[in-house]
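Welcome! Take a moment to look over the sequence and the 3D structure before reading on.

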Amino acid sequence: MYFGGVDAYFTPFVRYEHGEIRSKDIRDVERKNNTVPRLVPQIIAATPEEMHPLLSLLQNEEYNEVDINMGCSFPLQARKKHGAGILPHPDMVARLMDEIKKYPSIKFSVKMRLGWENKNEWRALLPVLNNAPLAHITMHPRLGREQYKLPADVEEFAAFATECSHPLIYNGDILTLHDIEQIEARFPTLDGIMIGRGLLANPALALEYCQRKELTSRELCGRVREMHDAMYQVMSPRLQGNTQLLGKLKPYWEYLMPAMEKRYRKAILKSNTIDKYMQAVSAAFANY
Ligand SMILES: Cc1cc2nc3c(=O)[nH]c(=O)nc-3n(C[C@H](O)[C@H](O)[C@H](O)COP(=O)(O)O)c2cc1C
């Protein structure tokens, strides 16, 4: 919201585990804790039984869109046939697709990879998805077992696009305005482009797309500084002590402004008090 240009935000996945939904996950999707105009909660589940409590929660919060994660490659999830771990099992996906028919007030979508083990898995799965009542599919064209290692496979995305009968969204390795324009030119009928790490690195990326113009590094630095200061103002009264606040703020710097000189990022990530953190952040902005 600080920069604009984003049409919809998808939450990190919410899961049902050991008979419960973590209270942190519940807080994160509660309406009262969210202000963006279109927030789509995402769930991860292998069976209708796991899906049910998650959908009840989201229905109670009056969401009418839900995304189903079939792309997560974290081994702890995939081992339980969650996320990309479900991709080699069209029968299990079919059970989930039957279950969603019981929630007519919700528009469902799926976020997926090409497969877990090999790039043909989507071919066996797609008929199940094409027959399901989905609003769209987001394809991140990698394999689950690759995690993030190899580049996204745009050629295989093209093959998927010709067979997929739902509106399709592209995701993967979009870092610049030029990257967006290239995907858009090659796939003019896409329903959208989803950006993950690229938006964390450059929070102005979606805005740049809307304006068809990149921000100068000076403009970017000024806007990121404003965003950072606003986040600090909001978070500091809520989070107690150095540890909690630093635990929330420092992770942004794993991705933010990749062009920054290494030593400034290192100083931010190494800081162990708020004072040291703020000094390191000021130095980073001043020298960007
Ligand atoms: C640390 C981390 C956590 C992620 N968590 C989720 C998630 O909860 N749900 C999801 O759909 N994708 C998740 N992703 C994957 C991204 O949404 C995206 O599909 C992937 O990073 C490729 O797109 P990108 O190159 O634009 O980042 C995560 C990625 C990373 C690196």
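## About the model

This is a predicted model, in which local features need pLDDT of at least 70, side-chain atom pairs count only at pLDDT 80 or more, and totals for chains, interfaces and linings use all residues. Residues are numbered from 1 along each chain as its sequence is written.

## Two domains

The domain assignment, which is automatic or taken from a database, gives domain 1 (9-211) and domain 2 (217-286). Their centres, taken over C-alpha atoms, are 29 Å apart.

Six residues of domain 1 are in contact with eight residues of domain 2 (contact: C-beta atoms, placed from the backbone, within 7 Å).

## Around the ligand

The ligand has 16 residues around it, and Pro 12, Phe 13, His 140, Gly 196 and Arg 197 come nearest (near: C-beta atom, placed from the backbone, within 6 Å). Strand S1 (9-17) and helix H8 (197-201) each supply at least two residues of this shell (helices are DSSP runs of H or I with at least four residues, strands are runs of E with at least two, numbered from the N terminus).

## Helix H2

Which residues of H2 are buried? They are Met 51, Leu 54, Leu 55 and Leu 58, while Glu 49, Ser 56 and Asn 60 on the other side are exposed (buried: 20 or more other C-beta atoms within 10 Å of its own; exposed: 12 or fewer; C-beta atoms are placed from the backbone).

The buried residues of H2 pack against several elements, including S1, strand S3 (39-44) and helix H4 (90-100). Just after H2, Glu 62 takes a positive phi of about 65 degrees.

Key: Two residues are in contact if their C-beta atoms, placed from the backbone, lie within 7 Å.
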